[in-house]
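Have a look at the sequence and the fold first, then read on.

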There are 2 protein chains.
Amino acid sequence: MADTPRRPTIGVVGGGQLAWMMAPAAARLGLPLVLLASPDDAAAALVPDVIDGRPDADGLRALAAACDVLTVEHELVDLDTMEALEAEGHPVRPSAATLRVANDKIRQRELLAEHGVPVAPWTVAADLAGIEAFADEHGWPLVLKRPRGGYDGRGVWIADDVDAARAVVDEVAGEDLLVEPKLPIDLELAVLVARRPGGELAIYPAVETVQVEAMCREVVLPAPVTNELASRAEEIGQRVAEAIGSVGMLAIELFVVDGEVLLNELAARPHNAGHVTIEGSVTSQFENHLRAVADLPLGATRRRVAAAVMVNVVGEEDDPRDHLAAGLDVDDVSVHLYGKAARPGRKLGHVTATGPDVAGARQRATLAARRLTGGTPA
Amino acid sequence: MADTPRRPTIGVVGGGQLAWMMAPAAARLGLPLVLLASPDDAAAALVPDVIDGRPDADGLRALAAACDVLTVEHELVDLDTMEALEAEGHPVRPSAATLRVANDKIRQRELLAEHGVPVAPWTVAADLAGIEAFADEHGWPLVLKRPRGGYDGRGVWIADDVDAARAVVDEVAGEDLLVEPKLPIDLELAVLVARRPGGELAIYPAVETVQVEAMCREVVLPAPVTNELASRAEEIGQRVAEAIGSVGMLAIELFVVDGEVLLNELAARPHNAGHVTIEGSVTSQFENHLRAVADLPLGATRRRVAAAVMVNVVGEEDDPRDHLAAGLDVDDVSVHLYGKAARPGRKLGHVTATGPDVAGARQRATLAARRLTGGTPA
């Protein structure tokens, strides 16, 4: 592993809201950022140093030449080039190997089941016969997932019966599908883990994530579960981080089913489930991502408040910036608007409320988020 | 008063650390910023839109042409031009009239004493005779202040006797001096007030400020005083804000002498005493400055934590960025480095620690700040 300079320039692949939220943390720590992004991307408004390009071989090599350490805000990068850069001695954090696991839901299950991480029953099927065989054992409905490239519900289907499964098989045209039973989920959790190159870890307390139409809509800190269940989730977080050798932030999404915690998905980067750490925790996930990637001591992951709830501002017709006054006219909310053009279904921002209890924080964050999308004041 | 557009572009005079800390707050709210500054200034690293100029007539007019609302991060601006811009209908917040009072310690005392704000005994003297007459009544030592342009102890002298006073009179060569007794100060407080154009106010709980060599070194939230004394300070804050018609943030520095709260100085902008609000309060002073200036509802000023202590990182020989790892290796501190070149005596950053009690937070913030300037780890 190459040594990290004392004050490394950090190259970030991507310029969306995750890079946008890294920017103030990097500025505070005096760590220069350079982005591989479009000059129109959200983060370019806060980071003057932007390489206009895509995460292909040319783009990644240009970024590597401009930075000391390379990291990502999304996983859709050319991993062969990332691997080649590593082989040439360029620090890539997380590594290409970690990203390969995070990017591939099948590889994830294979590797993590070996490391004792509990996962739901699963199989890989490339045709209807394989899916039907799994259904014979576990029953319908099933969840069918593309192993790569899905997010916010894209690349995931619920098949209630064999006809629905056939339609998915036809759509993916011979690609492998990950097949799982549709579980009776009690609730969903996420655990965030920051990890340095040498293995030092910092684990955030588990949060509850609430999905609406397969998109994360709400995050609750602390998760409303027993200490035992939260500890179990946090242990899984640590086990996963160590198994895949993550560096930087790692988000582990988990299902709680019948009192058991099961792996759902991974993301080897800051994650929507961790936005609540900006106000709710001593150190935000964005700051800890940069500290980990720059191989600096990690910050405390403890809660700074009794309760914090984050609600996403998801685009409808209106631009939330046109409703800022209404959104801010709610006591004790922190509004984050990403500066992206409004489009139905697009994540345009989020609101976090903190306070002595979850119920009050949720009510305030929900009200502000609804007002920002032009909803009737309640 | 001109109407403020729904999403105003805010023009900021200055590009130092105060504008630098406004930038993330502005980004989160989707409020575009434009700075009148040098492209080398700290804030230019986070704000792409910089008008390279000085706060003179040309600079201010260029800034006004590029923004909907004009504000300041320092008071050394051409007030005649600010006044002319107001007369032409351009929103200037705070107003030139407010800045004239904030800039002039004599005018301040005249106006505020009329409004019932308690001030120490004072006089204005342009020669030694006037100073001696005041000393006959109040005794030596005296504090002599230039009415305008001083900060961090510049333009302030302690005169122990008539010879020392003569040296100051000679130095200022016939300028008026504000003369006050050197008070037996128990401690110093600051109160921060956000105020909108229509008069809506939000007052932060009083903080204690600790000065070293006349420069603010440490700020403690909440101030270690009785509720009665804190309320008295906050009442004075409100009275001052209303008397001078401030818009945006106003910082009121106060002395506690013999259980009485007395006005010391004003600043009509975010202030070093309010950096602690970033981690310590529901809404930071920087966000509330922008909300006030943009005529948006103000955010809650309540504490988010039991205790928060800020310690300034004041330059010695070393660049604090070279000691980042040591500074971050202290539990529960938030490090803010302004990206300014190191110079002895220059404010290069600050550290805030939060926690259940002031003593622990102070210890951690002090340790991290000392390490960042190359001090021996304790």
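In which sense do E2(B) and strand E3 (residues 50-52) of chain B pair, and over how many bridges? They pair in the parallel sense, over three bridges.

## Ground rules

What you're looking at is a predicted model, so local features are described at pLDDT of at least 70 and side-chain atom pairs count at pLDDT 80 or more, while totals for chains, interfaces and linings use all residues. Residues are numbered from 1 along each chain as its sequence is written, and chains are lettered from A and ligands numbered from 1 in the order in which they are written.

Helices (H or I, at least four residues) and strands (E, at least two) are DSSP runs, numbered from the N terminus.

## How the two chains sit together

Turn chain A by 180 degrees, shift it 0.0 Å along the axis, and it lands on chain B with an RMSD of 0.1 Å. That's the relation of a two-fold axis. If you want a landmark for the axis in chain A, pick A:Leu46: of that chain's residues it comes closest, with its C-alpha at 2.5 Å.

The contact takes 31 residues from chain A and 31 residues from chain B; two residues count as touching if their C-beta atoms, placed from the backbone, lie within 7 Å. On the chain A side, the elements giving two or more residues are helix H1 (17-29), helix H11 (324-328) and strand E16 (333-337). H1(A) has the largest share, with four residues. By type, that side of chain A splits into 16 nonpolar, five polar and 10 charged residues. Here Ala, Val, Leu, Ile, Met, Phe, Trp, Tyr, Cys and Pro count as nonpolar, Asp, Glu, Lys and Arg as charged, and the others, Gly among them, as polar. Since 100% of the interface residues of chain A are also interface residues in chain B, the copies meet through the same surface.

## A buried strand in chain B

Now back to E2 of chain B, residues 33-37. Five of its five residues are buried, so the strand is largely enclosed by the rest of the structure. (Buried: 20 or more other C-beta atoms within 10 Å of the residue's own; exposed: 12 or fewer; partly exposed: in between; C-beta atoms are placed from the backbone.) B:Leu33, B:Leu35 and B:Ala37 point one way from E2(B), B:Val34 and B:Leu36 the other way, and all are buried.

What joins E2(B) to strand E1 (residues 10-13) of chain B? Four bridges do, and the two strands run parallel; strands pair if DSSP finds at least two bridges between them. In that pairing B:Ile10 stands opposite B:Leu33. The chain gets from E1(B) to E2(B) through helix H1 (residues 17-29) of chain B, in a right-handed β-α-β crossover. Right-handed means that, with the strands pointing away from the viewer, the path from the first strand over the helix to the second runs clockwise. In E3(B), B:Val50 is the bridge partner of B:Leu35.

## A two-faced strand

Strand E6 (residues 142-145) of chain B has a covered face, B:Leu142 and B:Leu144, and an uncovered one, B:Val143 and B:Lys145. E6(B) pairs in the antiparallel sense with strand E7 (residues 156-159) over four bridges, where B:Val156 is the partner of B:Lys145. E6(B) also pairs in the antiparallel sense with strand E8 (residues 177-181), over four bridges; there B:Val179 partners B:Leu144.

Chain A is divided into domain 1 (10-92), domain 2 (121-181) and domain 3 (187-372), with bounds from an automatic or database domain assignment. The C-alpha centres of domain 1 and domain 2 of chain A lie 35 Å apart.

Chain A has a cis peptide bond between A:Arg93 and A:Pro94, with omega about 5 degrees; A:Pro94 lies in the loop between helix H3 (79-87) and helix H4 (96-103). Another cis bond joins A:Leu221 and A:Pro222, with omega about -5 degrees.

A:Asp332 has a positive phi of about 60 degrees although it isn't a glycine. This residue is found in the loop between H11 and E16 of chain A, and A:Asp332 is buried, with 20 other C-beta atoms within 10 Å.

Terms used. Least-squares fit on C-alpha atoms with pLDDT ≥ 70 in both.
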